[in-house]
Structure formats: C-alpha cells, structure tokens
Amino acid sequence: MSAIAAGAHEAHEHTHYTTTGLDSRKIAIWAFIGSECMLFGSLISTYLVYKGRSVVGPFPHEAWTSPTGEIFKPILNIPVTSMSTGVLLFSSLAMVLALAAVENRGKPGYEGILGSSKFWLLATALMGATFLGFQAYEFTSFVHEGLTIRTNLFGTSFFTLTGFHGGHVAVGVLWLMTLLFIDMKRGLGPKDTILVDICALYWHFVDVVWIVIFALVYLIK
Amino acid sequence: MASSAIPTHAQGASGASQSSEQSGLWSWLTTVDHKKIGILYLYTALFYLLVGGLEATLIRTQLAKPNLSVVSAEMYNQLFTMHGTTMVFLVVMPLSAAFFNYLIPLQIGARDVAFPRLNAFSYWVYALGGLFITLPIFFGMAPNGGWFGYAPLSGPTYGGGFNMDFWVLGLQILGISSLAAAFNFITTIINLRAPGMTLMRMPMFTWMSFVVQFLVILAFPVITAALFFLQFDRFFGTNFYQVQAGGDPLLWQHLFWVFGHPEVYILILPAFGLVSEVLPTHSRKPLFGYNVMAYSGIMIGFLGFGVWAHHMFAVGMGPVADSIFSVATMLIGLPTGVKIFNWIATMYGGSLRFPTSMKFAIGLIAMFTIGGISGVMHSSPPSDLQQTDTYFVVAHFHYVLYGGAMMGIFAGIYHYFPKMTGRFMSERLGSWQFWLNFVGLNLTFFPMHFSGMLGMPRRIYTYDAGQGWDVFNLTSTVGTYMLLVAGLIFAYNFFKSRVSGAPAGSDPWGAPTLEWSIPSPPPEYNFAQIPEVTSRYPMWDLKAPDRMAGIEHSHADAGTIAEAHAVPVHEETERRSAKELGIPIPFPTVKPFMVALGIIILFSGLIVMHAGKFPLAMAMMIGGGAFMVASLYAWLTSPLE
Amino acid sequence: MPTLHLRRVLPVAVIAVALLALAACGGDYPNSTFSHNTELNDGAVFLWDRMMLLGTIVFVVVEVLLVYTIFKFRRREGGPAPRQIQGNAALEITWTAIPALILVFLAVPTVRTIFQNQRQAPTDALQVEVIGHQWWWEFRYPQYGITTANELYLPIGKTVNFSLRTRDVLHSFWVPQLGGKRDLIANRVNHIWFTPKADLSPAAYNGACVEYCGSSHANMRFRTFTVTTGEFEKWAAHQRTVAMGSKAAIAEAAAADSAAKAKPAVKTASIIPVPAPAAAPETWVFPVEKMAAYTLPSTPMPATKFDESLLASGDAAAGRELLTNPANLGKAPCLTCHVIKGETNYANDDQAKGPNLTHIATRHTFGAGLYRLDAKTLALWIKNAPAMKPGSVMPTFGAGEYNALIKQAVPAAAGLSDRQIADIVAYLLTLK
C-alpha cells in the first residue's frame, strides 16, 4: 500500500500537461481510495458474516460463562471507544485547517498559530496518535480480559478489522509527520497544496471508514 | 536482453541518454522508461510461459495413459497448482502488462506513464514475486492446494508444510504489483491523453486496458483480504477458515471468486483490445461499432462482479441464489457475443490481409466462440452440476484463455514486434507457429469436452483403465506436445527476428493509431512534439485521407484533413535526443527495485519464521521492512527528472 | 501463401475433431453423464440437449460468417478501397436481441429445473449420510443402523436422500451415471436426492470425489450398486448385524449353545443396538460377476514384497487376538481408527479415522475403490498402505518397510511380520 503513497509524490515539482488539468497524484489517490473501499468492504463483510458465530466467548455485546464457570462481561467498551472516535473525527477538522493553511500561506487571516500549517499538521498527527493510543489500550485490555486474535471468530475478525484500520491510521500519522518535517525544513506553500491535499483525502477516508466500523461493530448489537 | 536497440537504429538514436552508457544490466535495473519496462515484462512473462508450459507438458505426460506414474501424486498436485498460478499471475496478466506499458502511452500520445518510477516498482515486485512463488518447486515445496486455494485444505490444519505459505505470500506480493500498476494506468489514461484524444477516440486496446485497471483495483483488494485471512490463519493462529472454531470454508470461496471471476476478464479483455487493433488494420476498415465495443467492455467488467457464485453451484446455495447467478451469468454472454459479431463485421467488406498477427486475431474469434458457448453451458446449474470440476470445465477455460487470451497476445506480439524492435518477425515461422497452435490447441482441449462429460474429474493425477477416457487423454497429450513445439518455434522466431528480422519502418502495417506515427523502436521521449488528435484514426487521416472522409473529426473541413491533422510523423531522420529537444526525461533509478527487494525480504522472513528460526526471521522482517521504508523515502525525496 | 495454409490445415483439423466426436459417440462410456437413470439427471440432460442445440446453431452461424468473410474479402491487388463503415445500430440491436432471446429459452427451463431439483425430499425417502474423509467415503444408513465404506447400495425405484458432510477438508460426491454432484463442506450439511428409476436393472456404477482434497484426491473413488428392493433389504438386514467371529458373535453363539442361560451381557462399542447374530440373516452382496469390468479396479500393485505362501495358513484367531487384545495396541492399533461392530473398540463411528470394517469381507473393493479385495492385496495394504495410496492416513505397519512419517524403516520390534499380517488378513476375511 505504501507504494501508492510513493506514487503520489512522483511528479514532484514539475508541471506537465494533463488532460484533466488535475495533478495526476490526485487522480491516483482517488483510484487508491476506491480500491481501499473494496478492501475494507471485504474486512467488514467478514466481521458481519461471522457475527454471532463464535463457538466460545468472550462476545462483543453479550456476557458469557465459560465451561469452567468463569464469567466474561460483554467485551466492547463503548464509552471509551466513543471518545477515541471523537478524537479521530476532530482530527479531520484539523486536517482541513492544515490544508487551508498551506493553500493560503501568507494570506491575511492565516497569521499566527491558528493559521500555521505546522500547528494543524501536528494537531492532526497527534490526534491520530491519540486514537492509536486508545486502540492500543483497547487491545491490551481485551487480551487481559481473555480475548485474543486466536480466541474465537469474533476475536479473529475484530482484531483483524480494527487492526487493519489502525495500520492505516499509523501510515497516515507517518505521512503527516513527513509533511510536518518538510514544512519545518522548507515550508509548505500554495504550490505544495497537492502534497497536503492527497494526504488529507487519505486521512478523511480513513476517518470515514472508522465511522462505518464504529457503527457496525460497536453500536449495532 | 542487455543490448538495447537494433544497431542501425541505435546509431540513429545516438544522442538519446539511454544509449551507450546505459545498455548494460544496470540500465535495465534502473530504467523507468515505460517501453523498456514493457519489454522487461514481455521477456519475463515469456520465460514464465515456458515454465508454465513445461508444467503442463509434465501434467499431460502423466495423464497420457491410465495408471501412469511419471510424477508422484504430490508432485502432480504441485504441478497443476503451479500451472494455474503461473499462467494466470505470471504469464497472462504480465503479458497484458507488457502491452499496457509499451502501448498505452504511445496510443494516447504521452511521453510516459503518470508515475514512471512506480511503474518500475510494479515490474520488480512482479519479477521477484514470480521467483518467490516459482523456485520452491525445485525443492518439492511448491504450492499444492490448487490455484484456487480452497480452505481448509490450504489452511494450517490440512495444508501443513511451506507449500501454501509460498502461495499465500506470493499472491500477496503479486497483488501489490498489479495494484500499483493499475493505479498508474488509470491515472495515465485519465490524465495523460494528448490534446483532442477524447475517451471515445482512444484506441480500443487502451479502452479495454482502462476497463481492466478498474477491475484490478476493485477485485484485487478482495483477494488481498482473503489472503490476509489465510495468511493469519497459517502464521498467527487465527480462526478465519478454521473449522473447529466455526470458521466457514464458504467465506473463502465467496471472497476468492468475487476476485476470481473479474480476474477472468482481467485476463481476456486486453487480448480483446489487441485483436481490436489488429483486425481493423489488416481489414483496412475502422473497427465496426466502436462505441458498442467500448460499452460492451464496460458492461462485461460491470457484470463480471455479479456472477462469481457460478463457480459455486455445487456448494448448495439454495435455489434462489442459484437462479440469480445463473441468469446473471447468461447475461454476461450478451456483451461478449456482441464483440464477436462486431469483429466479424469489421472484417466484412474489408480488404483482408493475413499476416501472422491477423491469423491469431481470427483464431481468437474462432476459438473464443467455443469457450464462450461452453461458458453459457455452465450457467445452467442443473446441467453445470454434471460439468463442474470435470474436464469439461478445463476444456472451457482453456478455450477462453489459450484460444482467447493467448491467441490475442500472440496477435499483439506479431503486430507490435516491429514497433518494439524495428524489425519484422518471420512470417513463415509465424505461420507454422499459428497452425501448430491452432491444431494443437484443438487437439489438446477439444477432447477434454468429451472426457469431462464422460465422467472424468479434474485435478486427478491418475485414472483407472477402462473408464472410456483413454483415447481423449492420449489425444490431449499429443496436442500438448504440438503446442510445445509451436512455443519453441515462436521462441526461435522471436529471438532470431530481434537480430536479423527484415527492417520495418515506423508504420509497417498501415495502422490507424498514434503509436505508428513515431519511429520503430520509438525514442525514449516517444513524441518529439505532443500530437493533437482530431479523430479516432489519426494515421489514416494522414496517409489515406480520402478514405477518412466519412469519419467524424473535430475539424469540420473533412476535405482538408491532410493539412488539418496535427500528427507529427517522426521519420528516422528526425531522430534527436531528448536533450537536444529539451524534453525532460525521468532519471533512471534503482530505488523502486530496492523497495521491491525489501518487500521480498520481508515476506521471506515470514517463511523463515514458519521454519522456526525466529532470530533470523525477525532480522529479515525488520531488516527488509527498514530497507523498504528507507528506499521508499529516498525514492520520494529524489527528483523525478 | 497464408491462405494456402488455411485450405490445407483446416480440413485436417475438422477431420480430427470429427473423428474424436465419432469416438465420443461410438464407444462404451461407463461414466457418461448423459444417462437417464434418475429423474435428476433427466433434467440435466434436457438442459444439456437444449444448450447443445442452441450452442451449435450459434457456433455454426459465427464460424460460417467468419470463414465466409475470410475467403470473400481477401485483399486483391488493385481492388477498390473498402467502404469505411463505422457501425450500424440496427445490426447491433439485432445481434444483442437474438442471443437474448436464445437465452430466454435457456433461462426459463433452467430456473424451473433448479427449483424442481431443490425441493424437499419425500419424507419416506431412504436416508443416507455421506461423510467424506481424506481419502475415502463413509456411508451410513441411519434408518438401518448401518455404517459402511466406499460401497453404496441403493434400492431401485426408491428415492434416496443424501445428507453430505465432511470430517476434514472439502470433498464432492458424484456418481456421473446417476446425476449431478454436491460438495461436502465443513461445518455444513448439504443435501441432494434422486430416485434410481424403477425400470433399471441392478448394476454397479463408479463414483468419485470431484473437489480437490489433497494428495490422493484422484484415489477417492467409490462404487454404487443399484439393487432391487428385496435385495437391498437382504443386504441391509445382514449389514446391520455384528461381525461374524467377533467377540459379540462368539458370545452370542455360546449363549445359543447353552439355551437355558440368560441373555449374555455383551457390551459392544457400537452405538446402535445390534441384533443377535444367532438370528443373522443370510449374507447378500451384489454378485461380483455382475460387475462390469470398468467397475473393477485395475490399479497397479506396489513394489512391496510379501510372502504369499503365508496367506494360505493365516490364523484368523491369532489375527483377531492381535487386533483386539489391548496388549498389542502398540503393534496393531487397528481398532483405534477402525470400528468392527461386536469387537472391543477404541473408537466409535464418530471418532473413527478409518473405514468401518464390520463386514469388510462382503465388499468387493477397498482403499476407496482403488483395489480388489483379496487376501494378497489386503496384506500388501496392511504392510505399507502409503505405498498404495499416496498420503494415506493409515501408516506403514510392515516391519522393515519405509515409513515416511518417521522417515525410516519400521523397526522389526515395532512392526508387523508377514506372518502376523497373514493372520490379520485371515481374520478380516472372516468378517462377512
């Protein structure tokens, strides 16, 4: 997948004739997102197909008594995950502001910390990292409560689905940090809009996927 | 492979920066030129064609008579698994990719693909991934669970050993290659068309390729997910397809065929595209029903996602699902049939010439029709239950893939060889190859219709005497050797013609499309001047304007097309280097190769992990991963041109 | 001259295909799918015939048009430039509409037949459970309490409802002469049913696994015997008894001897109540001489050496002792995987990894239909099964034979001698 991010930087610094007038990287990232929809579609479908088909617990929404008499609570912690979902949603806002700051660098209204692309890039990355922190906490607590990726079909499909999403967030955070690094080194201006734009598209996509996952996995019983 | 162009032309292209200092191995390792990458794809895929062909020959030798033991059961199972995997992923798809690479930029009037370095990356991932999945057969460890890898036979419980590890990881690697290439070509076709090259003026090969790239980006993620599940089951003890944990083997089948059926069209549509270039050229007539041809391609791609479960009529999906998938499958026959009729109509009333490429193109029409009809026969579940998993199916899809895809690809090779090398392939040898292929393929595959309907199951390494299958099997085996001979003639023709074929000009066939307006082989920048396109047939506008009077043009004054056309024809004498012309050319770089290498090391680490050598495995995975990321960053931060 | 080639080669190809077609129509094809032995296959053959007819029409139309075009429009020197026709909407509609119409003639009977075939089976149908194993078939008749392997008996004129499941990987159940196939899928139970037509005469048919299932997929075959209802009942009545010469049978015989005694408390490992063998009905099996040659396997014999002279003097009692005495479990652990109804077993039907041997001597074939059942072949099999069926789950037992699992020859102390194998074979052949 990283190859795609690679492609997105290809035509760096050069303006070529294009049929649509759009930068090729923008078209490529849209194609990439279309492809990712099928990947997450498959992962989510698998989770839903296996919902309620685990032979043993723990289960997401129901308590479970093991054959040895141990009692397991419903394992999903919706309040905590709601918080991390909120953080991820807000990160999309920060991403929008980062893109605006790059596009309008130097224009009136984009002075100071709130008009700084560095600030918003950092904020987005930090919120992404916070989300990952929540996920790490969630995963560890599940393992402590007796649910691993090997335990049952729920564990298998849950960790795989959310893990893949987490992996995407992690790639996004790295991407944001790279942009931040470039910004610090030489400053990102209007001519670099495309660099931030494709990252923003990716980031929003990853956000939207999470909303779908949150609704289907956590909220629907 | 190392010597770049034909001597006479190389002299002409003296100034080109790729010439002298870059003609060694290093130039191939670092090239980002879509044409050189296309040629790399071509050579590599032809090599794997030989591998897959030898696998087929061994298979057929084992089955020549009942109860033979030329190879062991286990080796046979590896051979048929690898034959399928090789032909699908290492031969037909990359041969198509060779043409995507070589032709798409030339056909749409571009100087390269949108992301030249990503293109090199795709190739190297393919080349190295191909070795990853092919080499284990020499150690008896090749994949042995079928190219379809049905769980739970492919899972850890019943598919122990490394065999299916190589398969599951190898397909992941090859998937990366296909996906990266598809993003690249979608972008290229959308964004790098020359001025005036509207979508509905694109050559039909580019059109079909365009459809294929969408199929790739939508179908491959599904098998990627399915393979991840299998990989996790095998390596990390998850339960996706583990029966004792309640896992459902049908999940794999659904995911696999949601990919697998569009994959069939991924294999065949490029061949359809090539044939749609060859037929009009040698009929001296425009493609009949261009719009319908384009739309039917889209339609096939679209319906291709709705018919996957016709591979699963025997699993007991219930009458409703059976009916839906049955009717949907019948429907897909319509746009396919339309193509056949349009091709015949293209030739009808034309002025037909029969060089080898034309023979193969006609061969495709004749042979694919058989595969198409037997395909419709599979669409009726009650009858299909007698056909599925028998040799009838083997006959069907070999008519589609050999009679269709390979015929189309051979047509493409004979047609475009002069463009790639500046020389013709031998027509005499080509004729021999075609007829041996034509007879051989019918001898090999037609009897399989009979053996299948007479009860012979697929994928069996042996069969008992007296079952009524002997004569068909022996005929098939004889046919296979004929195909092998045809393949060797092709190889001889190919390599000999590269060196000593008759010189061909820039437009040896009198073809209508842009790629024929530039020298053969084309200079690295393709077009000294980006052409402006006014119709679907720019070269015919130029060379036979009288014939083009009735064809729609963006210039109203059809009478003066010859002056109005803006296709610059670059004759040999006009060859100049990119530098002289001031055309920016992407720098050669080894970084895409390094990223690909990093990926292979990373995946190999997983195999080592399965062998229980954890420290080495961790070193390989961390080292390979770090190498990959570092190379990637180096690639991204270095300027393109 | 390329066209010369066409003229020369095309007739050859046409003749070759025609000859093959003739071969296909003329010969004796024991596994043909075009039979009319069941109503299930009538539906398939009807659809096939219709598709064949429509397909042939389409094929001929396309190929005739193609060949005509090739010959008619060859380039001629000095000929006029062809008319540059770009398309024709009426034609496009025509060649979309006509095939669509053709498909309607296919789709309607298809859907009708799908729903017909997948109705609920009649409630009075004979129930047969088919259980797939790597690489053999288990057949159970729950209404009769019979478990058998690799040989399936079906009464003529009676609907049989198969419920299909697998103990390991996927398999697929197929008797080409009797109808379409159905997959055996882990964690699922599949169904298929059909009725061997009442006017059939008793016959043997070949069946096979048609879903790739690993090393010996090709060797996972079975036989189906269609017999008269009377014969079926006779066969079934005998098959459900305990094995002759088994512990239960011996005890029962002893009980019959001393008629005054109370009913012996025989405990069998079997899960189904077993009728007393004293009342055992006559043995009836499908007569081997009625089996057509193609239903008798001719699999080549392995290179395994066996001293055949020992077979004549095989001691059944000693063989039985080897199998049933727990002291011999290390050497002859047969009953940890196989069930012999009436003997002390270590496995029951649901645990058994190997075929049920209760009435093995009444079968004509073994090894999933790979071999004729006779003393010598059985002995070779016990000695080294993997040499006779690649990947066989049954390991090598013969002393001195190479065992792939432990990657060395079986040590003399741990393996069975030819003498012991001959005894076991003698015992197995008493299991009628």
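**Close-up 1. Helix 4 of chain B is largely enclosed by the rest of the structure in this predicted model, since 33 of its 36 residues are buried.** Let's follow this helix, which covers residues 73–108 of chain B. At 1.5 Å a residue, helix 4 of chain B should span 52 Å, and its end C-alpha atoms are 50 Å apart, so the two values agree. Along the way, look for B:Thr86, where helix 4 of chain B bends by about 35°.

**Close-up 2. Strands 2 and 3 of chain C form a hairpin.** Strand 2 (residues 136–141) and strand 3 of chain C run antiparallel and are joined by four bridges. One pair to pick out is C:Glu138 with its bridge partner C:Ala149 in strand 3 of chain C. Four residues separate the two strands, and C:Gly145 in the turn has a positive phi of about 70°.

**Close-up 3. Strand 3 of chain C (residues 146–149) is covered on both faces.** In a regular strand, side chains alternate between the two faces of the sheet. Here C:Ile146 and C:Thr148 lie on one side, C:Thr147 and C:Ala149 lie on the other, and all of them are buried.

**Close-up 4. Chain A meets chain B in a contact with 39 residues from chain A and 42 residues from chain B.** On the chain A side, the elements giving two or more residues are helix 1 (2–7), helix 2 (24–49) and helix 5 (153–186). Helix 2 of chain A provides the largest share, 14 residues. By type, the chain A side that touches chain B divides into 17 nonpolar, 17 polar and five charged residues.

Conventions: Residues are numbered from 1 along each chain as its sequence is written. Chains are lettered from A and ligands numbered from 1 in the order in which they are written. This is a predicted model: local features need pLDDT of at least 70, side-chain atom pairs count only at pLDDT 80 or more; totals for chains, interfaces and linings use all residues. The expected span of a helix is 1.5 Å times one less than its number of residues. The bend at a residue is the angle between axes fitted to the seven residues ending there and the seven starting there. A residue is buried if 20 or more other C-beta atoms lie within 10 Å of its own, exposed if 12 or fewer, and partly exposed in between; C-beta atoms are placed from the backbone. Two strands pair if DSSP finds at least two bridges between them. Two residues are in contact if their C-beta atoms, placed from the backbone, lie within 7 Å. Ala, Val, Leu, Ile, Met, Phe, Trp, Tyr, Cys and Pro count as nonpolar, Asp, Glu, Lys and Arg as charged, and the others, Gly among them, as polar.
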